[in-house]
Amino acid sequence: MSVGERELLLSPALSHEARSLYLLFLRPLAERGRIPPDLGPMAGYLSSESPNFPLEAGYDTARAVLGELVAAGLARVTGEGEARHVELTIFERERSALPAEAFAMFQDWRPGPTFADAARAGGLADARFRDQELGGFVRFWLGKRERRTQYAWECTFVERLKRARSAREGVGYRSRAQAA
């Protein structure tokens, strides 16, 4: 989740249902490029059989909750019915700003909005990092001729984080290649 998304999601004007729909349903689907245009799956996600807070969400509930996300600037809906398209505005803007081709490291590089997925795929359960860790990584690679895609840089950063955390914990580090 990006800083921009986080700030908007923390707005007291958003319901818990809107935050939940965004974070646990729509955002993971957007990362895979598969947001359903139909309100049915959203209503299904919002429905709950909880004994304390049961909710039978229908199309009206899903439309209202999606409307909250649109009003907050987190989503945009275009078209109607079969032509409906739901887009997560901040997520898409940040994702489209990432270079698609291989590039050399640059001073302002940051992991992208799907970094948590790259971290999990690389065996790092906690994708959080300190500014000092990122700064050290960028400084190490600045000026080197190495060119990588955004995802490859993120995987390299994950490996560095794993080594640093293993060293702090006094545990021997083995890369995925060494473990295989």
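Ground rules first. Residues are numbered from 1 along each chain as its sequence is written, and side-chain values use heavy atoms, with hydrogens and water left out. Because the model is predicted, local features need pLDDT of at least 70 and side-chain atom pairs count only at pLDDT 80 or more, while totals for chains, interfaces and linings use all residues.

Let's start with the inside. Nonpolar side chains in soluble globular proteins tend to be buried together. Here, a nonpolar core is a set of buried Ala, Val, Leu, Ile, Met, Phe, Trp, Tyr and Cys residues joined through side-chain atoms within 4.5 Å. Buried means under 20% relative accessible area, exposed over 50%, and partly exposed in between, with a 1.4 Å probe and protein chains only.

The largest nonpolar core has 25 residues. L21, L26, M42, L66, L69 and L88 touch the most other members. Helix 2, helix 3, helix 4 (59-72) and helix 5 (89-96) each supply at least two residues of this core. Helix 2 gives the largest share, seven residues. Helices and strands are DSSP runs numbered from the N terminus: H or I with at least four residues, E with at least two.

Which residues does L21 touch? Leaving out residues up to four places away in sequence, they are L26, M42, Y45, L46, V65 and L69. Contact means heavy atoms within 4.5 Å.

There is also a second, separate core of 15 residues, with F103, W109, V138 and L161 among them.

W109 takes us to the aromatics. Rings of Phe, Tyr and Trp (its six-membered ring) pair if their centres lie within 6.5 Å; planes under 30 degrees apart count as stacked, over 60 as edge-to-face and the rest as tilted. That rule gives eleven aromatic pairs.

Take W109 and F137. Their ring centres are 5.7 Å apart and their planes are at 50 degrees, so this pair is tilted. W109 sits in the loop between strand 3 (103-104) and helix 6, and F137 in helix 7 (residues 131-141), so the pair ties together parts 28 residues apart in sequence. W109 counts as buried, at 2% relative accessibility. F137 is buried too, at 0%.

Now W109 and F157. Here the centres are 6.2 Å apart and the planes at 90 degrees, so the pair is edge-to-face. F157 belongs to helix 8 (residues 150-169), so this pair ties together parts 48 residues apart in sequence. F157 is buried, as is W109. One aromatic cluster holds W109, F115, F129, F137, F140, W141, W153 and F157.

On to the pockets. On a 1 Å grid over the protein atoms alone, a pocket is an open set of points where a 1.4 Å probe fits, with protein on both sides within 12 Å along at least five of seven lines; lining residues have an atom within 4 Å of a point.

The largest pocket holds about 850 Å³ of space. Of its 31 lining residues, M1, S2, G112, P113 and F115 are the closest to its centre. Helix 1 (3-9), helix 2 (16-31) and helix 6 (115-121) each give two or more lining residues.

The second largest pocket holds about 180 Å³. What lines the second largest pocket? H16, E17, S20, Y45, L46, S47, S48, F53 and L55 do. Helix 2 supplies the largest share of that lining, three residues.

Key
Points joined across faces, edges and corners; volume = space filled by probe spheres on them.
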